Amino acid sequence: MNFTKMHGLGNDFIVVAGETQLPDNAAQLAEQLCNRFFGIGADGLVYILPSEQADFRMRIINSDGSEAEQCGNAIRCVAKYVYDNGLTNKESLTIETLGAGVQAVQLTVENGKVEKVRVNMGQPILEGLKVPTTIDANPVIGQSIEVDGREFKFTAVSMGNPHCVIYVDDAVNFDLATWGPKLEVHPLFPRKINVEFVTVRSKDFTDMRVWERGAGPTLACGTGACATVVASVLNGLTDRTATVSLKGGDLLIEWDEATNFVFMTGPAAEVFRGTV
Ligand SMILES: N[C@H](CCC[C@H](N)C(=O)O)C(=O)O
């Protein structure tokens, strides 16, 4: 199997094109190939597949073998892959995902290669039971959750995949490894959850560190950055356009008031190619 190793702000993926459907052993392949000691090493395994509704279809398997409904950093990598490798010559195209349907993607091309991608990440889902959480509220804001005697307040947002956004004093130095895994599997979240710890620095700038469902601590999370801005607007903390600063770099997020669409702009990079 030929693959291309790519990343979006250090959130890294093994990208596979040429298949017509997800292989039956995709979960096992993801666990094996994403292993950073015995495999290639990555946060996820991404398949580029044909689509009847869009130019391409993306399916993403986390490093633990679970399939995610959506992935912001990966969709930018897919957009770069299909253009750079001549699968399309369009600079405005559509990519279908499990959790957000057909998404419009705008490429910034320099010297024939995609450098930056702007993605319509769809509309946030705020009904608590649809994120999903076990909480019947719309939206779920400032909800208490307790793990090991410590109480957190969270806001729940789905971008097709589930997120809980928690505001802390110092996200950059927050003890992600202790609290992330406990929250990921909390019974309030029937399909587990991605956890974003956020410190708002100004009306258009936040620090965010993420513990991802099925992947653990990653350097960046595109859907998590979208959820961060949506939650911050709902909590009156930022404007609808804001930069989310992650360990791997910055993403520009715009939650458009007229359409309710969330737009994410950021880079994508190819690192190496190989065969397994
Ligand atoms: N681990 C996530 C999928 C990847 C999301 C993240 N890498 C992004 O860029 O959006 C989940 O299970 O929902």
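User: By class, how many residues in the shell around the ligand are nonpolar, polar and charged?

Analyst: In this predicted model, the shell has eleven polar, four nonpolar and two charged residues.

User: Which residues are closest to the ligand?

Analyst: A68, N73, N161, G222 and T223 are the closest, out of 17 residues that surround the ligand.

User: And which elements give two or more residues to that shell?

Analyst: Those are α2, residues 72–84, and α4, residues 222–234. The largest share, three residues, comes from α4.

User: Where does the ligand lie relative to domain 1 and domain 2?

Analyst: The ligand lies between them, because domain 1 (2–120 + 266–275) and domain 2 (128–260) both give residues to the shell.

User: Switching to strands. In which sense do β6 and β7 pair, parallel or antiparallel?

Analyst: Antiparallel, over six bridges, with β6 covering residues 92–97 and β7 covering residues 101–110. One of the bridges joins T94 to A104 in β7.

User: What about β7 and β8, parallel or antiparallel?

Analyst: β7 and β8 (residues 113–120) also pair in the antiparallel sense, over six bridges. V105 has V119 in β8 as its bridge partner.

User: How many residues sit between β7 and β8, and which one in the turn has a positive phi?

Analyst: Two residues separate the strands of this hairpin. The residue with the positive phi is N111, at about 55 degrees.

Methods. Residues numbered from 1 in each chain as written. Predicted model: local features only at pLDDT ≥ 70, side-chain atom pairs only at ≥ 80, totals over all residues. Pairing = 2+ DSSP bridges. Helix = DSSP H or I, 4+ residues; strand = E, 2+ residues; numbered from the N terminus. Near = placed C-beta within 6 Å. Nonpolar A, V, L, I, M, F, W, Y, C, P; charged D, E, K, R; others polar. Domains from an automatic or database assignment.
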